[in-house]
Structures are given as structure tokens and as C-alpha cells.
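I opened a notebook on a structure I had not looked at before.

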Amino acid sequence: MKEKHYAAPDEVMYHIGFCHNDLRGARFAVLPGDPGRVEPLARALGVDSEFITSHREYTSWLTYIEKQPVLVCSTGMGGPSVAICLEELVRIGITHVIRFGTTGTIQDEIDLGEVIINKAAIRLDGTSYHYAPAAFPAVASFTMVEALSKAAKAENVPAHVGISVSSDTFWPGQERYDSFTGYVPKAFQGTLQEWQALGALNYEMETSALFVTAQCLGIKAGAVCGVVAKRTDSESIAPKNIYDTAFDRQVKVTVGALKQLLKAGD
Ligand code: URA
């Protein structure tokens with residue numbers, strides 16, 4: 001193994017726009033995709049939340065859970081920006097990340113507004129192949145999955161643990177026909193049914209890149225997503241009230257998990 005390249009404490013990372021000193025000792029990060037969700041999420045997760053910076057798709061706040069600092073940083077959409085974010089977060093001292101995303105379920109028994117905790121992901125992305133070959137699995141940290149699942153149970157949140165299908169595209173890779181042309185290339189026709197038959201739970205766009213990159217960088221990763229599309233009924237995205245329900249549930253699960261992990265020092 002080669003030497004690891006940690007940044008100097010005051011070295012500002014090129015893409016995320018902040019440095020180790022800005023973390024005030026935080027080792028845990030919660031990662032939504034959308035920069036617009038960072039402030040409300042930081043405020044919902046903890047207290048004394050403060051803005052760090054906003055650069056490109058990366059908006060960052062610090063919050064405190066049981067007096068311990070936790071970073072909330074957006075990743076933007078898709079694998080490439082997730083991997084860039086992780087590379088820089090690891091260099092400044094982050095060791096644990098929880099993706100806080102949205103998703104479309106492909107299983108009939110999962111409803112809008114419910115929560116999915118992914119233990120692994122099918123690699124329909126390009127980014128993860130730059131880090132590890134096709135035979136390498138995209139898996140979550142077991143500790144993270146356990147903490148998130150325990151928190152969901154304790155908080156009575158309807159949650160499902162399983163495998164995600166992480167696609168680089170929202171339309172063809174997720175076999176959506178309501179696109180501009182309506183065309184889905186042959187390679188993707190029938191794939192929703194195939195993933196469904198194989199027991200995968202959901203479609204989203206970041207988790208496989210997150211899991212593989214985190215593993216390659218030597219940090220722990222988990223993912224908790226809110227269900228905002230039910231693909232067994234329609235291709236549409238749910239209205240705002242569903243987002244809000246899912247968000248509140250994801251917050252409960254994330255806070256519960258972080259309290260366990262921070263207490264255990266893991
Ligand atoms: N995000 C996705 O990538 N797909 C969905 O269906 C919903 C959210």
C-alpha cells in the first residue's frame with residue numbers, strides 16, 4: 001500500500017472549498033445529493049449548525065449531535081461528483097459517511113415516503129470502475145447498516161434493508177420511458193423487471209460509486225434513502241408532502257445511527 005496523502009490542516013480542498021481546520025474535529029459526514037437540502041438537514045440533525053462554504057455542487061455545514069461535530073456536505077448528482085467529494089473529505093480527516101438520498105422503489109411492498117437502507121449496490125455506474133474492477137462488490141460498512149437498521153426500528157420508521165440499483169442515468173438506466181424521445185436502448189429494456197425478480201429494492205444514482213470509493217479509500221459508508229417514486233405504479237416523482245415525510249424519517253434514522261456510532265467511537 002502506498003503512503004496516504006492527508007492534507008495540511010489549513011490546506012483548502014480544490015472542489016469542496018474547505019480544509020481540515022473547518023471540520024472542528026468532525027470525522028462523520030452526512031451526504032445529501034442536493035445542495036439546497038444541506039442547511040435544513042444540518043438544522044434537523046443537530047444544534048448550533050453553522051455554514052462552512054459553498055463551492056460548485058458542494059455546500060457544507062457543520063452541526064453538533066450530543067456535542068460532537070458532524071459535517072453535512074452535498075455531493076451533487078451521480079458518481080463522479082460523489083467520488084471527488086469523498087477523495088477530498090478523506091484527505092481532511094472524514095472517516096465515516098452516510099448518504100442521505102432519494103430513490104425510486106421497484107418492489108410493490110415498499111411505499112412512497114418509506115425508507116431504504118442499502119447494504120449493497122448493483123454497479124450501473126461508470127465511476128466505480130475507475131477505482132476497482134467489475135468483480136469488486138459495492139457494499140456498505142456492516143457497522144453502518146446495523147446502526148441505521150437499529151435506529152429505524154427504535155424510531156418506528158418503516159424501513160427496508162437491501163440492494164440498490166445505482167444508475168448513471170435517471171431515464172434509460174432506470175428504464176424510464178417518459179423521456180424526451182421515449183426511447184430506452186435495448187440493453188436496458190426489461191431490466192426493471194430483471195432487478196425486481198432478483199430482489200433489488202430501488203433505483204438511485206450515487207450509492208455504488210459511494211460504496212466502492214469508500215472501500216478503496218479505507219473509510220466506512222452507509223446509505224439511507226427516502227422513497228419518492230414507486231416504479232411498480234408509475235414513472236413519476238411524488239409530490240412535496242412525500243419528500244417531507246421521507247426526510248423526517250431519514251433524519252430520525254440518521255440521528256439514531258450517528259448517536260450509536262459516535263458513542264462507540266466507530
Ligand atoms: N432518484 C432516482 O435516481 N430515481 C428515482 O426514481 C427517484 C429518485
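**Ligand site.** The model I searched is predicted.

With that cut-off I listed the shell. Thr102, Thr103 and Gly104 are in it, and so are Phe170, Gln174 and Arg176. Tyr203, Glu204, Met205, Val228, Ala229 and Ile237 complete the list.

I then sorted the shell by class. I noted six nonpolar, four polar and two charged residues.

Which strands supply at least two residues of the shell each? I found β5 (96-105), β9 (202-204) and β10. The largest share comes from β5, with three residues.

Next I looked up polar atoms facing the ligand. An N or O atom in the side chain of Gln174 is 2.8 Å from a ligand nitrogen. For Arg176, I read 2.7 Å between a polar side-chain atom and an oxygen of the ligand. I also checked how well the ligand is covered. Alone it exposes 240 Å², and the protein buries 94% of that.

**Strand β6.** I moved on to residues 115-124, which form β6. Seven of the 10 residues are buried, so the strand is largely enclosed by the rest of the structure.

Which strands does β6 pair with, and in which direction do they run?

- β8 (residues 159-167) runs parallel to β6, and nine bridges join the two. Here Ile116 stands opposite His160.
- β10 (residues 220-230) runs antiparallel to β6, with three bridges. In this pairing Ile117 faces Val224.
- β7 (residues 138-139) is also antiparallel to β6, through two bridges. I noted Val139 as the bridge partner of Ala120.

**Cysteines.** How many disulfides does the structure hold? I counted zero.

The cut-off for a disulfide is 2.5 Å. Cys73 is buried, at a relative accessible area of 0%.

Cys216 is in no disulfide either. The nearest cysteine sulfur to it is again that of Cys85, 16 Å away.

Definitions and conventions:
Residues are numbered from 1 along each chain as its sequence is written. This is a predicted model: local features need pLDDT of at least 70, side-chain atom pairs count only at pLDDT 80 or more; totals for chains, interfaces and linings use all residues. Side-chain values use heavy atoms; hydrogens and water are left out. Buried means under 20% relative accessible area, exposed over 50%, partly exposed in between (1.4 Å probe, protein chains only). Helices (H or I, at least four residues) and strands (E, at least two) are DSSP runs, numbered from the N terminus. Two strands pair if DSSP finds at least two bridges between them. A residue is near a molecule or strand if one of its heavy atoms lies within 4 Å of it. A polar contact is a pair of N or O atoms within 3.5 Å; within protein, one must be able to donate a hydrogen and the other to accept it, and residues adjacent in sequence count only if both atoms are side-chain atoms. Accessible areas come from the Shrake-Rupley method with a 1.4 Å probe; for residues, only the protein chains shown count as cover. Ala, Val, Leu, Ile, Met, Phe, Trp, Tyr, Cys and Pro count as nonpolar, Asp, Glu, Lys and Arg as charged, and the others, Gly among them, as polar.
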